[in-house]
Number of protein chains: 2
Amino acid sequence: MAGLAEIARAAGVSVSTVSRVLNRRAGVNDETRQRVLTVLAEMPYTPRGLGALQRTGVIGLLVPELSNPVFPAFAEALETRASRLGYASLLCNTRSASMREEEYVRMLLARGVEGMVFVSPEIANTGGEDVHGYYAKLLSDGVRMVFVNGGAPALDVPDIAVDEQLAGYLATRHLIELGHTRVGFVSGPARSLPSRLKRAGWAAALEEAGVRVDPAWVAHAPFGAEGGAEAAARLLDAPRARPTAVICSSDHMALGVLREAHRRGVSVPRDLSVVGFDDIPVASYCAPALTTLAQPIDEMARAALDELSLRLDPDGRDAPTGNYSRVFRPRLVVRESTAPPS
Amino acid sequence: MAGLAEIARAAGVSVSTVSRVLNRRAGVNDETRQRVLTVLAEMPYTPRGLGALQRTGVIGLLVPELSNPVFPAFAEALETRASRLGYASLLCNTRSASMREEEYVRMLLARGVEGMVFVSPEIANTGGEDVHGYYAKLLSDGVRMVFVNGGAPALDVPDIAVDEQLAGYLATRHLIELGHTRVGFVSGPARSLPSRLKRAGWAAALEEAGVRVDPAWVAHAPFGAEGGAEAAARLLDAPRARPTAVICSSDHMALGVLREAHRRGVSVPRDLSVVGFDDIPVASYCAPALTTLAQPIDEMARAALDELSLRLDPDGRDAPTGNYSRVFRPRLVVRESTAPPS
DNA sequence: CACTGTGTTGCAAGGTTTTGCAAATCAGTT
DNA sequence: AACTGATTTGCAAAACCTTGCAACACAGTG
């Protein structure tokens, strides 16, 4: 890893200046400081004394947010497993912060974090930016990482994921078996890969049952209960052929659907069946209790951490190369929010 | 802060040996290594190069767990506020880890965290151990910190808290006004200070109404939905004079009460009124929607971070000395889980 | 145009940490 | 008891980072 001198050379300044920037001393021109910081971001600098922080068994857990209860659930499961393996975890909420995920990761690395688990990382959004290249760069910098529900088959990173397409399929199947044919999809944003996969499963199940899929049955909205309510409102307002059932991208969105249905006097499950996804703890407490597809959170957490610790262990350097990914089957949990159409 | 030389002197070895221990080099006797590590734990060492990590605007947020949704809610509110003030946050779950809170704090400090917010810290448990002394030591080491619902009036640390006693009082009052007289208390562990304060408010409200308080009306159980169910079971099994209403230490426990009531066919609110505490997001989704006392989470987060940033800001060193604490009033939110006794 | 003050930078001295090396220690063997 | 080899430790030199200081640049002012 680079020393002060190298950084200085790359930035075209003396080591003293670099030192001053690092220590936030006054007396450095803003422009110069910026130049040094840029170089610093590219060839990350680890102070000598940081040897003291290396290999202390600290890992980073990155989740996009905490308001959807799946993420605290994942975080807790991952932490429990991590601590059993002797690692302490630092949890980072990448969306609430002013920093983007990338900066957060740099910050963690500068703090001597040995490896990281990305839960639903940005790469799962098939947006325009080159997040792919960013993860590839981290990887080539030797950062040890694991994805959970990452959806990045092209990267040489293990991905521990539920089969989202199967989830969409099973949810829709369940509704079809109950007798529904007009099944709506309360979906997250269009660029979210998990939502697209669920949609594929949903469409496959409907077509298999001989139902012509109507694109108007898909309502995109931001993740979260608010988004769910908003999407539900749009679907329930559909002039002709309004759905008798909906599947949702997440339980969290499903809660919003329940609320909106309640607000409009649409009775669940009599007038509308609802299937969630995740099986968050709340799902069994809400009214009506939510039929949902459970992610095997504990098993996934276990797999993710085993995978990571293999990569951290200096011995096991040989074993895991290649895109070793595990796909878990979601499990249908039938509760009270689904019933035959009236 | 101590340098290598001082550590070496204290451990009775040469600086080289300390250096070797810190960098995990081979060639140090296990016994010697242990001695050095012990000294290191007592006079924490910050590498020089860590200047690079100092004042990077990273703060630590310590919460006891994540399964009770108040804690993710607090975490998110704190993070949002922190990022607005230019700080990045590291979230730590102190209970799920193998480390105790103390070790976690040391770990964070070694990572150049500037300050920390303790949410419901261990000091709020009036257990036997000398946690008090531990926080005092952190304080005298110059660690900047703030408590949220800390309950440690003797320490020179700002404490941003809800008035727990008032919460217990208002909850009980509400039930008394509805006509209840036999009001149970589903309480967290006896050593939890917040639970004791709520109990005091509960007792005060009952006595004020001329009701003789029966100690059998208090059921202690571990925090969480399981604990709530367990405590509810005990109260509902009470042979004579079983309560017509209960207040709970948290919404999370209240969810357990709802579940247990449902399991036994006890209808809420017809046969049993339930008041929670916290107003977690789920409270409005569960069945029946929970009457509860809301903590003003956003305002508290704001206050906690303003308080902390005052202490971090090198300028404002003058202003905040003394045990500056803010007590927030909980707000009664009436939903569907309370009604007059039948 | 010179003078002054302010701000920025590199040099070199000084302090701290790392590491090569040799001395010391210890257990097992002859 | 002496020898051997492995391990551990401190010394001192080397590498590295920090900081005081002087040099330089630049703008404003008399």
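In what order do the 6 strands of the open sheet in chain A run? The order is E7-E6-E8-E9-E10-E12, and the pairing is mixed. Two strands count as paired if DSSP finds at least two bridges between them. Helices (H or I, at least four residues) and strands (E, at least two) are DSSP runs, numbered from the N terminus. The model is predicted: local features need pLDDT of at least 70 and side-chain atom pairs count only at pLDDT 80 or more, while totals for chains, interfaces and linings use all residues. Residues are numbered from 1 along each chain as its sequence is written, chains are lettered from A and ligands numbered from 1 in the order in which they are written, and side-chain values use heavy atoms, with hydrogens and water left out.

The edges of the chain A sheet are strand E7 (218-220) and strand E12 (331-333), each of which pairs on one side only. From one strand to the next, the twist averages 20°. Axes here are lines fitted to C-alpha atoms, for helices over the stretch in contact, and angles run from 0 to 180 degrees between N-to-C directions. Helix H9 (residues 225-236) of chain A packs on this sheet. This helix touches strand E6 (183-187), E7 and E8 of chain A, and its direction makes about 150° with that of E6(A). Contact means heavy atoms within 4.5 Å. Within the sheet, strand E8 (residues 245-248) and strand E9 (residues 273-278) of chain A run parallel and are joined by 3 bridges. Ile247(A) has Val275(A) in E9(A) as its bridge partner.

Chain B also holds an open sheet of 6 strands, in the order E7-E6-E8-E9-E10-E12, with mixed pairing. Its edge strands are E7 and strand E12 (331-333) of chain B, each pairing on one side only. Neighbouring strands are turned by 20° against each other on average, direction ignored. E8(B) pairs with strand E9 (residues 273-278) of chain B in the parallel sense, over 3 bridges. Ile247(B) has Val275(B) as its bridge partner in E9(B). Helix H8(B) lies across E6, E7, E8 and E9 of chain B and runs at about 175° to E6(B).

Helix H9 (residues 225-236) of chain B has 12 residues, which at 1.5 Å a residue should span 16 Å. The expected span is 1.5 Å times one less than the number of residues. The end C-alpha atoms of H9(B) are 16 Å apart, in agreement. Of its 12 residues, 9 are buried, so H9(B) is largely enclosed by the rest of the structure. Buried means under 20% relative accessible area, exposed over 50%, and partly exposed in between (1.4 Å probe, protein chains only). Among the buried residues of H9(B) are Ala225(B), Gly227(B), Leu235(B) and Leu236(B). The buried residues pack against strand E6 (183-187), strand E7 (218-220), strand E8 (245-248) and helix H10 (251-264) of chain B.

Helix H7 (residues 164-178) and helix H8 (residues 193-208) of chain B have axes that come within 7 Å and cross at roughly 40°. The two helices are therefore oblique to each other. Angles under 35 degrees count as roughly parallel, over 145 as roughly antiparallel, 65 to 115 as roughly perpendicular and the rest as oblique. Residues of H7(B) that meet H8(B) include Tyr169(B), Arg173(B) and Ile176(B). On the H8(B) side, the residues include Leu197(B), Trp202(B) and Leu206(B).

Strand E3 (residues 115-119) of chain B is mostly covered, with 5 of its 5 residues buried. Gly115(B), Val117(B) and Val119(B) point one way, and Met116(B) and Phe118(B) the other way. In a regular strand the side chains alternate between the two faces of the sheet. E3(B) pairs in the parallel sense with strand E1 (residues 58-63) of chain B over 4 bridges. Leu61(B) stands opposite Val117(B). E3(B) also pairs in the parallel sense with strand E4 (residues 144-148) of chain B, over 5 bridges. Here Phe118(B) stands opposite Phe147(B).

Two single residues complete the description. Leu91(A) lies in strand E2 (residues 88-93) of chain A. At 2% relative accessibility, Leu91(A) counts as buried. Its contacts, not counting residues up to four places away in sequence, include Leu61(A) and Val63(A), and also Leu66(B) and Leu91(B). Lys137(B) lies in helix H6 (residues 131-140) of chain B. Lys137(B) is partly exposed, with a relative accessible area of 37%. Lys137(B) touches Glu42(B) and Arg106(B), not counting residues up to four places away in sequence.
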